[in-house]
Amino acid sequence: MSKPTPISGFPEWTPAQRMIEQYVLDRIRSTFELYGFAPLETRAVEPLDQLLRKGETSKEVYVIRRLHGDPDGPAGDDALGLHFDLTVPFARYVLENAGKLAFPFRRYQIQKVWRGERPQEGRYREFVQADIDIVDRDTLATHHEAEMPLVIGDALRSLPIPPVRIQVNNRKICEGFYRGVGLTDPEAALRAVDKLDKIGPAGVAELLASTAGASEAQAKACLALAEISAPDASFADAVRGLGVSHPLLDEGVEELVRVVETAAAHSPGLCVADLRIARGLDYYTGTVYETQLLGYERFGSVCSGGRYDNLASAGNARFPGVGISIGVTRLLGLLFGAGALSVSREVPTCVLVAVTNEELRAASDSVAGALRSRGIPTEVSPSAAKFGKQIRYAQRRGIPYVWFPGADGAPDEVKDIRSGEQVAAAAGEWTPPREDLKPLVS
RNA sequence: GUGGCUGUAGCUCAGUUGGCAGAGCACCGGGUUGUGGUCCCGGUUGUCGUGGGUUCAAUUCCCAUCAGUCACCCCA
């Protein structure tokens, strides 16, 4: 068999990287639970028609089918696709289980998602998202939109990663403003403005004219709005200064003020109102979030989301929601690529119990058992090689302690192979310093 | 999905104007008859991403393909 090769866009980490990933996931999860979000996992597949409601993203959906499915039979597996985010499955789940859920319903969901994109650094076809959402029945209070950045701020701050900046906007501001200046296709205008960073003001003006039918004055006004950015409510004055009025615009400004002020009170500098932010899936109807990892801005957002009022509705029941999702795989991929994350050892093992000779392996096994019973991750040396070799086995893996069973009734000894210090110890009592018990991620 | 660049040892990379494949690090053995790391001596790295084609001869040239990366697209 020839050597297997990777599959494009489906990353597989090393054990050390996986330990870091698990650490990161644990921290994120515990922050989510600290805010009272309940755990949920949904199936990997959704009916295709559900997934395709988003238009453009449809090209990215992986469809599943049975190898020997009957192409002429009734629609079965081939009507299913892998979910490409966690919000759409969640909306479906809420509709399906509305009777069992208490509203407002707060849940987190940490799962893989799949998108058939062309991969490059920080872009994958299979990746993990850590998602929180809050949905309510009929109406959703706007303060939930202000809560999202707080959770994310806490979660990401608990990790050994560079600081982040959450950029917030509100689609009502854009849409209200565009309508206020007389544009009739706010969607097109939004798409044009979104390219500001990439093609510059002149390019956007051109695009606004060609795709949204904007006059020179209208384009200028849209650009002026997009250039507004402030870490506090002062953005609202800047918007008013543009002299455009529309009910939707006022509503959006009010909501965004609240998000920004709440965030500023909780953690200054975390959030910034940035009126050029337009992206995200097109089901967003109000607040939208994007998150830059400082120093890695060019790789795009590592955490995005927003408010959606129309994603989940059945008959006359409506479930507006707001959610945000951490791109865990992108975050890790970027930091791994930069060598910016490390772990103190490649295995969970804290203690390696040396084996004096194979006849005495049972003695080492029993030491290991005693240590494990007190929660100390321990392995027994794979061979009774010279102690130098056994120490090196530990050293190469970053295992901090080697345990030597005492010969002929002499006490056992444990050696810290980093310092070389070796002391007598009893397996039923010795405990490593707290910081050595588990691998340290930094 | 479109286009560009790249692919040589576990890692970082040399190299062959087409003629038996190299260095450093890492790894293994010894110096050191039961305690590693430093040091010294010695040793192994490999379908030259994969499959075709041209050629007496291809790692080198050509085509395809896979993977990585960049831009577009989209987005975590």
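**Exercise 1. Strand β5**

Find out how far strand β5 (residues 105-114) is covered in this predicted model, and which strands it pairs with.

Solution. Start with burial: seven of the ten residues of β5 are buried, so the strand counts as mostly covered. Next, take the pairing with strand β1 (residues 38-39). Two bridges link β1 and β5, and these strands run parallel. Within that pairing, Pro39 has Tyr108 of β5 as its bridge partner. Then turn to β6, which is joined to β5 by ten bridges in antiparallel fashion. One residue pair to look for here is Arg107, which stands opposite Asp133 in β6.

**Exercise 2. Two enclosed helices**

Solution. Take α5 to begin with. The buried residues run from Arg171, Lys172, Ile173 and Cys174 to Glu175, Gly176, Phe177 and Tyr178. Just past the helix, Gly182 has a positive phi of about 100°.

Among the buried residues are Val328, Thr329, Arg330 and Leu331.

**Exercise 3. The surface near RNA strand B**

Describe the surface near RNA strand B: how many residues surround the strand, which elements supply them, and what classes do they belong to?

Solution. Count the residues: 51 surround RNA strand B. The closest are Ser8, Arg118, Gln120, Gly327 and Gly388. Then assign elements. At least two residues each come from β6 (126-135), β11 (303-308), β14 (321-327), α11 (328-337), α13 (387-397) and β18 (413-416). The largest share, seven residues, is supplied by α13. Finally, sort by class: 21 residues are polar, 16 charged and 14 nonpolar.

**Exercise 4. Placing Ser234**

Solution. Locate the residue: Ser234 lies in helix α9. Compare with the cut-offs: a buried residue needs 20 or more, an exposed one has 12 or fewer, and partly exposed lies in between. For the distance, Ser234 and Ala273 lie 39 residues apart in sequence, with 9.3 Å from C-alpha to C-alpha.

**Exercise 5. The whole chain**

Summarise the layout of chain A by its secondary structure, its domains and its contacts.

Solution. Begin with the elements: chain A has 14 helices and 19 strands. Of its 442 residues, 39% are buried. Next, the C-alpha trace spans about 95 × 60 × 45 Å along its principal axes. The chain is divided into domain 1 (15-40 + 99-337) and domain 2 (351-437), and the centres of these domains are 51 Å apart over C-alpha atoms. Last, consider contacts with a separation of 6 or more: 69% of them join residues 24 or more positions apart.

Definitions and conventions. Residues numbered from 1 in each chain as written. Chains lettered and ligands numbered in written order. Predicted model: local features only at pLDDT ≥ 70, side-chain atom pairs only at ≥ 80, totals over all residues. Helix = DSSP H or I, 4+ residues; strand = E, 2+ residues; numbered from the N terminus. Near = placed C-beta within 6 Å. Nonpolar A, V, L, I, M, F, W, Y, C, P; charged D, E, K, R; others polar. Domains from an automatic or database assignment. Contact = placed C-beta atoms within 7 Å. Pairing = 2+ DSSP bridges.
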